[in-house]
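Student: I am new to this structure and would like to go through it by question and answer. Could you begin with a term that I will need along the way?

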Amino acid sequence: MQMQNKTVKDIMDLITRNPVTMKPDQDMSELLDYMLEDTRTRHVYVVDDSGKMIGSVRLNNIVEFIAPYLDNLDNDMFNKFISRFISQQVSKIMLEDFLFLKGDMPLNEMVDIMLENKVNELPVLDNDGKIIGDVNFLELIKFLSENKYLINKE
């Protein structure tokens, strides 16, 4: 079967279940705790009380927020900055215009979106906008490899 005929649903068993989610009013310190607890976490999804995705925070967003302050801060100033930063709500830096996938999306379209936007991980949403998991390029490579879509040149 051609890869063009495959959809995100076809790799559902490889999709990461229960990705990290947070509410918009939670503190940045909690977000950083999640990321530091499991250093594979590079993306946190922001959900409302019903579980519908309303935003996302990528590690890059945090770096972009902090980086401009790094050159002009001595240790004491940096500590004060970080103290203020971690007390802010996740909504302060979450992206409200976020990318996502649906189960019926063709895999080649998923790849195009990820490459075009330079992301290696995206949430998969159901028809109600609730997160059912997230998928990354490693999961796609595993799927392609197991199904012989990748050619082994040994």
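Tutor: Contact, or packing of one part against another, means heavy atoms within 4.5 Å. Please keep in mind that this is a predicted model.

Student: Which residues of helix 4 (residues 107–116) are buried, and what do they pack against?

Tutor: The buried residues of helix 4 are Leu-107, Met-110, Val-111 and Met-114. Viewed down the helix axis, they fall within an arc of 100°, so they line one face of helix 4. In general, an α-helix has 3.6 residues a turn, so residues three or four places apart point the same way. The elements that the buried residues of helix 4 pack against are strand 4 (101–102), strand 5 (121–125), strand 6 and helix 5 (137–146).

Student: Is Val-135 buried or exposed?

Tutor: Val-135 has its place in strand 6, which covers residues 131–136. Because buried means under 20% relative accessible area, the value of 0% for Val-135 makes this residue buried.

Student: Where is Lys-118, and what is its phi?

Tutor: Lys-118 follows helix 4 and has its place in the loop between helix 4 and strand 5. With a relative accessible area of 71%, Lys-118 is exposed. Its phi is positive in a residue other than glycine, with a value near 55°.

Student: How many salt bridges does a search of the whole structure find, and which side chains meet in a salt bridge?

Tutor: The search of the whole structure finds 1 salt bridge. It links distant parts of the chain, 26 residues apart, with one partner in the loop between strand 2 (43–47) and strand 3 (53–58) and the other in the loop between strand 1 (21–22) and helix 1 (28–37). The side chains meet at 3.5 Å, N to O, and belong to Asp-49 and Lys-23.

Notes
Residues numbered from 1 in each chain as written. Predicted model: local features only at pLDDT ≥ 70, side-chain atom pairs only at ≥ 80, totals over all residues. Heavy atoms only, no water. Salt bridge = Lys/Arg side-chain N within 4 Å of Asp/Glu carboxyl O. Helix = DSSP H or I, 4+ residues; strand = E, 2+ residues; numbered from the N terminus. Buried < 20%, exposed > 50% of the residue type's maximum accessible area, 1.4 Å probe, protein only. Arc of directions from axis to C-beta.
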